[in-house]
Amino acid sequence: MMPAIEDAPGPRVLQVCAEIFPLLKTGGLADVAGALPLALQPLGVDVRLLLPGFEPILRGLEAPVVVATLQPPGAMQAAHGARLLYGRLPACGLWGYVIDAPAYYRRDGAPYEERGDNHLRFALLGWTAAALAQGLDPFWRAELLHAHDWHAALAPAYLRAAEAAQHRRLAGCVYTVHNLAYQGMYGAHLFGELGLPGHFYSVQGLEFHGHVNFMKAGLHYADRISTVSPSYAREIQSPEQGCGLDGLLRSRTAALTGILNGVDTRVWDPATDAHLPAPYDGADLGGKATCKQALQAELGLAGDAHAPLLCVVSRLAEQKGLHLVLQALPRLVEAGAQFALLGSGDAWMEAAFREFAQARPRQVAVRLGYDEPFAHRLIAGSDLILVPSRYEPCGLTQLYGLRYGTLPVVRRVGGLADTVADTRLETLDGEATGFVFDAFDAEALCAAVRRALALHRRPADWALVQRRAMAQRWDWEGPARQYRQLYRHALH
Ligand code: ADP
């Protein structure tokens with residue numbers, strides 16, 4: 001009997017991205033990069049990674065072998081002689097290529113900090129990906145490039161340039177948008193430094209209002225485009241959320257799909273989470289009460305088991321709508337809620353939250369910085385997690401909230417709208433898993449939290465919604481199947 005197409009061996013796929021959990025993470029992209037390849041492997045997809053050689057990534061590479069010495073084009077002279085390494089990344093459970101170009105990637109500061117050469121640093125990532133589709137590694141040639149976000153977006157451009165030069169198709173290409181707002185834009189005068197054919201600088205290419213736009217290259221040259229939720233896939237085709245690229249996205253609507261991110265259940269599972277003071281699951285929520293008690297003690301909050309504890313784990317950026325939380329907080333605290341935040345980002349917002357916490361240390365706690373174990377303890381120990389984003393491609397913290405029985409209060413946008421079902425009288429016995437509001441203002445957020453607090457005062461109903469939220473499956477198996485299908489479409 002012929003194997004069904006579902007069961008046929010998967011292709012050789014190179015995942016091209018700039019960060020990966022747990023080695024280097026600035027946001028949800030790293031979580032996806034760390035989890036999706038592992039979910040694809042059992043489906044028969046032969047996955048390897050391509051990553052820039054940032055210090056933490058190089059340190060995580062075990063027994064690397066040198067695959068090739070790189071001679072990239074254009075103005076990437078600083079990377080001439082850079083080594084392409086291959087080895088195992090034990091912390092990720094994956095194998096991958098790492099570009100060891102010290103002049104580009106081994107430096108202090110945040111990974112994407114601009115020092116005048118980001119266009120070259122990330123062009124090198126895209127160029128190397130395309131080279132791996134042309135036999136740079138004689139033992140493994142990528143059949144499909146899966147490039148993530150603007151850092152990897154030149155991979156399809158270099159691939160198409162090589163195909164044009166060689167008059168043959170080399171590989172399929174999928175480009176995934178994790179956040180359309182970060183596009184990688186540079187002055188037109190820098191185009192010549194990339195070593196791409198001159199005609200790629202056009203409206204039908206990388207040109208965007210007189211600038212070079214990396215994201216646009218990904219959207220234009222990939223066979224298929226995906227983004228991280230069905231709602232966001234629709235929203236980015238509108239002028240309001242298209243960040244200037246909605247026209248291009250509309251023209252590619254047949255090639256564009258939304259695939260929700262999953263939860264890496266090896267990392268985020270309250271029954272096995274080593275960061276928690278006590279494990280728990282939907283059948284026995286006793287451990288969650290212990291987590292709350294420990295969290296209140298750790299943060300110096302009043303040790304009140306009945307006080308609803310709201311939390312936020314987030315980048316402090318305009319996108320996340322946390323100024324609405326700042327506006328709503330006095331009223332919510334007045335209503336008896338406690339609040340704890342873990343985040344880092346905009347200085348003014350850090351200062352405002354810190355000031356608020358200092359004024360009410362028994363009810364409000366703020367921890368600034370990036371702290372993975374504390375993120376777990378905070379989500380486990382809280383009753384509600386707030387995600388009031390202006391826009392949200394997928395959002396992961398609301399999914400972690402669902403899994404940890406920490407009910408999400410979210411704005412009805414992007415992946416938040418696709419993953420949380422609002423609690424109303426008519427949904428209480430049906431699909432309710434959290435609280436959803438529409439308007440992007442503090443009143444709407446406040447009203448949603450008040451509804452949540454009202455449910456919290458009814459323990460039996462609260463536990464019903466909590467258990468339903470925890471029973472939902474948000475693992476990577478379903479999304480991985482959808483990606484495999486997307487790869488098939490991109491290849492054929
Ligand atoms: P984004 O990618 O836009 O930042 P997501 O919700 O998709 O938003 O992913 C954010 C990821 O980063 C989640 O895994 C979240 O737990 C984590 N995170 C955000 N801020 C912090 C922080 N200060 N400390 C630890 N983890 C954080």
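Visitor: What do the values rest on?
Guide: The model is predicted, so local features need pLDDT of at least 70, side-chain atom pairs count only at pLDDT 80 or more, and totals for chains, interfaces and linings use all residues. Residues are numbered from 1 along each chain as its sequence is written, and side-chain values use heavy atoms, without hydrogens and water.

Visitor: What makes the pair Glu-163 and Arg-160 a salt bridge?
Guide: A salt bridge needs a side-chain nitrogen of Lys or Arg within 4 Å of a carboxyl oxygen of Asp or Glu. Here the N to O distance is 2.8 Å. Both residues lie in helix α5 (residues 154-166), three residues apart, about one turn of the helix. Helices are DSSP runs of H or I, at least four residues, numbered from the N terminus.

Visitor: How many salt bridges does this rule give?
Guide: The count comes to 30.

Visitor: Why is Asp-264 called buried?
Guide: Buried means under 20% relative accessible area, exposed over 50%, and partly exposed in between (1.4 Å probe, protein chains only). Asp-264 has 13% relative accessibility, so it counts as buried.

Visitor: Why does Arg-266 count as exposed?
Guide: Its relative accessibility is 55%, so Arg-266 counts as exposed. The side chains of Asp-264 and Arg-266 meet in a salt bridge, N to O 2.5 Å.

Visitor: Which side chain does Glu-298 meet in a salt bridge?
Guide: Arg-377, at 2.7 Å, N to O. The pair links distant parts of the chain: Glu-298 is in helix α9 (residues 286-299) and Arg-377 in helix α12 (residues 372-381), 79 residues apart.

Visitor: Why is Glu-298 called partly exposed?
Guide: Its relative accessible area is 32%, so Glu-298 is partly exposed. Arg-377, with 22%, is partly exposed.

Visitor: Which residues do salt bridges that share partners join into one network?
Guide: Arg-160, Glu-163, Arg-169 and Asp-223.

Visitor: Why is α15 called roughly perpendicular to α16?
Guide: The axes of α15 (residues 442-456) and α16 (residues 459-471) come within 7 Å and cross at roughly 115 degrees. Axes are lines fitted to C-alpha atoms over the stretch in contact, and angles run from 0 to 180 degrees between N-to-C directions. Roughly perpendicular covers 65 to 115 degrees. Therefore α15 is roughly perpendicular to α16.

Visitor: Which residues of α15 and α16 meet?
Guide: Ala-452, Leu-455 and His-456 in α15 meet Pro-459, Asp-461, Trp-462 and Val-465 in α16. Contact means heavy atoms within 4.5 Å.

Terms used:
Helices (H or I, at least four residues) and strands (E, at least two) are DSSP runs, numbered from the N terminus. Angles under 35 degrees count as roughly parallel, over 145 as roughly antiparallel, 65 to 115 as roughly perpendicular and the rest as oblique.
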